[in-house]
Amino acid sequence: MATLVLGTVGRALLGPVGGAIGALIGNRVDHAVLGSPRRQGPRLTELSVQTSTYGTQMPAVFGTMRVAGPVIWATDLVEARGLTGGGKGRPATESYSYSANFAVALSGRAIRRVGRIWADGRLLRGSAGDFKVATGFRLHSGTEDQPVDPLIASVEGARAPAFRGIAYAVFEGLALAEFGNRIPQLTFEVEADAAPVSCGTIAQALSPLIQAGDAGVTVSGFAASGGSVRAVLAMLADMSGGQWVADGSGLRLAAPVSGAVGSIRDEGMGAAGPGRRGVRAVAAEVLVPARVTVAHYDPARDYQIGTQQARRPGGIRDERLELAAALDATTARTLAETRLARRLAERVRRTVTLGPEALDIDPGAVVTIEGEAGRWRVVEAAWEAMAVRLTCVPLAQDAPVQPASPGRIAPAPDQPIGQTRLIAFEMPPLTDELLTMPRLTVVAAGGPGWRQASLSCSLDDGASWMPLGPTALPGVIGVVTAVMPGGDGRLIDRRGAIEVQVAEDLADADAAAIEAGANLAWIGGELIQFARAAPLGQGRWRLTELRRGLRGTEAMIGTAAPGASFVRLDSATVRTIDVPVTMLGGRVRVLAHGVGDGPDGVQAVAEVTGRSILPPAPIGWRCRRGADGRVTIGWTRRSRMGWRWLDRVDVPLAEERERYRIAIGDQVEEVDTPGWTGAAEDGVPVAIWQLGTWGASSPLVGIVGEG
């Protein structure tokens with residue numbers, strides 16, 4: 001800056017007076033050559049968009065701010081493969097999950113800590129430091145002696161950079177399932193200083209030329225970036241309503257202060273001697289903005305952009321001030337009101353001419369002028385024709401504090417991640433798919449902030465584990481608290497009721513929704529649907545208008561007791577696992593690892609009963625004795641396919657062949673048709689099984705002479 005250069009030269013040649021004259025001349029050169037600095041300072045949008053472009057500028061953070069920062073290091077995405085099912089000519093199902101390792105630069109100066117972290121606008125890390133998605137995380141605060149990150153060192157070897165002097169965060173194994181298997185847009189709540197910081201303090205940290213001066217406005221946070229330090233300094237001065245002035249070998253912030261440093265009298269000094277007075281110019285009021293808008297980052301809005309305005313009648317233009325600073329709404333509105341008042345006052349300009357004794361009056365000084373009311377601020381000082389010419393503007397009163405609202409606030413939910421609740425069981429398939437392997441159903445849930453967990457299963461009682469990928473969406477898992485007996489599975493049960501305790505809300509379903517499969521639940525081995533869910537308070541619900549014993553589970557009607565599991569079923573919340581037929585009669589362990597589950601995870605055990613691949617029990621027991629004394633027993637075949645009976649004729653066999661086993665007392669036979677005729681005494685118990693491809697159904701039981 002010419003002000004500094006010529007001021008220094010003047011002091012060297014002519015002493016203090018020469019220094020003052022040089023500074024005045026330099027001030028003129030600055031304005032003539034450089035002009036007012038163009039707007040190249042930090043922009044509001046720069047802090048919210050994350051990039052990985054080489055050469056992207058890094059903000060220097062002061063106070064507490066929310067910033068995105070560039071990605072400065074990353075590996076390829078890490079793919080994990082899960083395999084389920086397979087066998088009997090049926091292809092196995094592959095599932096894939098992805099994670100990412102990368103580093104993000106946060107600040108060009110050292111910071112204290114990182115608070116919340118947002119991913120695609122949702123909280124990835126809460127205010128308590130808890131992560132909502134599985135990831136490793138390390139913060140490097142930006143010291144000049146910080147070590148190389150161990151993950152970066154393991155990948156890059158000896159050439160791994162330590163990024164000393166740069167604060168950055170490292171994510172190791174960030175699970176990407178919730179973000180479309182891509183690295184999400186991340187923003188960070190960065191705390192560089194423990195308390196709010198003044199514009200003067202920020203300026204001193206940015207440039208060694210800045211000397212101690214007025215503190216200026218205090219802000220909650222500020223991110224210094226943009227085209228040049230000069231532009232950032234201009235913004236800081238503008239925020240404070242002051243200007244930068246020469247001070248020795250540097251600059252200081254001259255902001256309006258209470259009281260006047262001196263009183264001056266326009267002496268009309270000039271080349272012709274006394275008599276040429278200064279001038280008083282008043283700009284047209286219409287040139288003063290009708291509205292001043294201050295755009296800023298609002299901490300109450302999770303550091304989203306907020307705006308506050310000051311208005312006045314008249315005027316034909318608007319003025320907008322964009323501040324890359326964290327300000328509350330009240331402070332921002334007060335700044336807008338103060339700026340508008342300053343614009344109104346500064347339309348008046350007073351030029352005075354003084355003798356050489358006024359060389360020590362610098363730009364930024366507050367003075368009183370004889371014959372003029374109020375206090376005036378010197379905005380420009382010049383040495384012309386052996387006289388000092390000062391350009392002054394009236395000093396407007398600061399606007400009173402103007403309470404303001406940040407507007408409607410909808411912050412991202414910050415809910416704690418609870419432990420995974422996991423249940424695994426085998427049930428009849430809900431579609432007409434003809435299964436060739438036992439299929440287990442897995443439903444997982446958690447607390448309000450729970451999202452997903454990774455699954456593994458073990459077929460050898462925990463000796464080895466096979467990854468399965470992530471769980472489905474959070475389900476509804478509860479417990480039965482009371483059972484009121486009712487009807488059976490042939491009609492809608494309007495007498496019975498089941499009370500359950502769940503953390504989520506349940507809802508009614510009309511006939512069309514029930515027909516489409518709504519409100520389907522698994523309760524203690526029985527598939528049911530409920531049309532009415534009445535809240536009882538404190539998470540308890542009474543379920544009524546029940547469809548009982550669906551898809552061949554009628555044998556379990558009435559067996560559920562308080563303490564039995566309740567699981568609501570829908571396609572979005574169910575994850576299935578196919579296991580080998582050799583597991584029939586065995587059990588499968590399922591392991592979930594969620595963010596809140598600890599190192600050992602959460603386990604559930606599923607008994608492989610064959611419910612998903614075995615035929616349902618025959619129905620329609622019939623028994624009569626003929627005139628010849630022989631007994632004829634009949635029954636009706638059922639199928640594990642065609643439950644909706646759309647053709648109203650017969651259901652498909654769904655087995656390799658039709659075959660039944662019938663035990664009449666101690667006598668056991670196998671038949672190919674649904675009937676038997678032979679000798680048997682009344683009162684003898686009978687059991688009938690349908691023999692399927694993979695095993696026998698549960699029995700239909702009866703007694704000779706009955707039915």
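Good morning. The model is predicted, so local features are reported at pLDDT of at least 70 and side-chain atom pairs at pLDDT 80 or more, while totals for chains, interfaces and linings use all residues. Residues are numbered from 1 along each chain as its sequence is written, and side-chain values use heavy atoms, leaving out hydrogens and water.

I begin with the whole protein. Of its 707 residues, 47% are buried, meaning under 20% relative accessible area, where exposed is over 50% and partly exposed lies in between, with a 1.4 Å probe and protein chains only. Contact means heavy atoms within 4.5 Å. Among contacts between residues at least 6 apart in sequence, 66% join residues at least 24 apart.

I turn now to two helices. How do α3 and α4 pack? Helix α3, residues 199–206, and helix α4, residues 229–240, pack at an angle of about 170°, with axes 10 Å apart. Axes are lines fitted to C-alpha atoms over the stretch in contact, and angles run from 0 to 180 degrees between N-to-C directions. The pair is therefore roughly antiparallel, the term for angles over 145 degrees.

Which residues meet? From α3 come Cys199, Ile202, Ala203 and Leu206, and they meet Val229, Val232, Leu233, Leu236, Met239 and Ser240 in α4. By class, this contact has 9 nonpolar residues, 1 polar and no charged ones. Nonpolar here covers Ala, Val, Leu, Ile, Met, Phe, Trp, Tyr, Cys and Pro; charged covers Asp, Glu, Lys and Arg; the others, Gly among them, are polar.

Several residues of α4 are buried, including Val232, Leu233, Leu236, Met239 and Ser240. After α4 comes Gly241, with a positive phi near 70°.

Finally, the backbone. Most residues other than glycine have a negative phi. Asn181 is not a glycine, yet its phi is positive, about 55°. Asn181 sits in the loop between β8 (167–175) and β9 (186–191), and is partly exposed at a relative accessible area of 32%. Tyr303, also not a glycine, has a positive phi of about 65°. Is Tyr303 buried or exposed? Tyr303 is buried, with a relative accessible area of 9%, and lies in the loop between β17 (291–298) and β18 (304–311).

Thank you for your attention.

Definitions and conventions
Helices (H or I, at least four residues) and strands (E, at least two) are DSSP runs, numbered from the N terminus. Angles under 35 degrees count as roughly parallel, over 145 as roughly antiparallel, 65 to 115 as roughly perpendicular and the rest as oblique.
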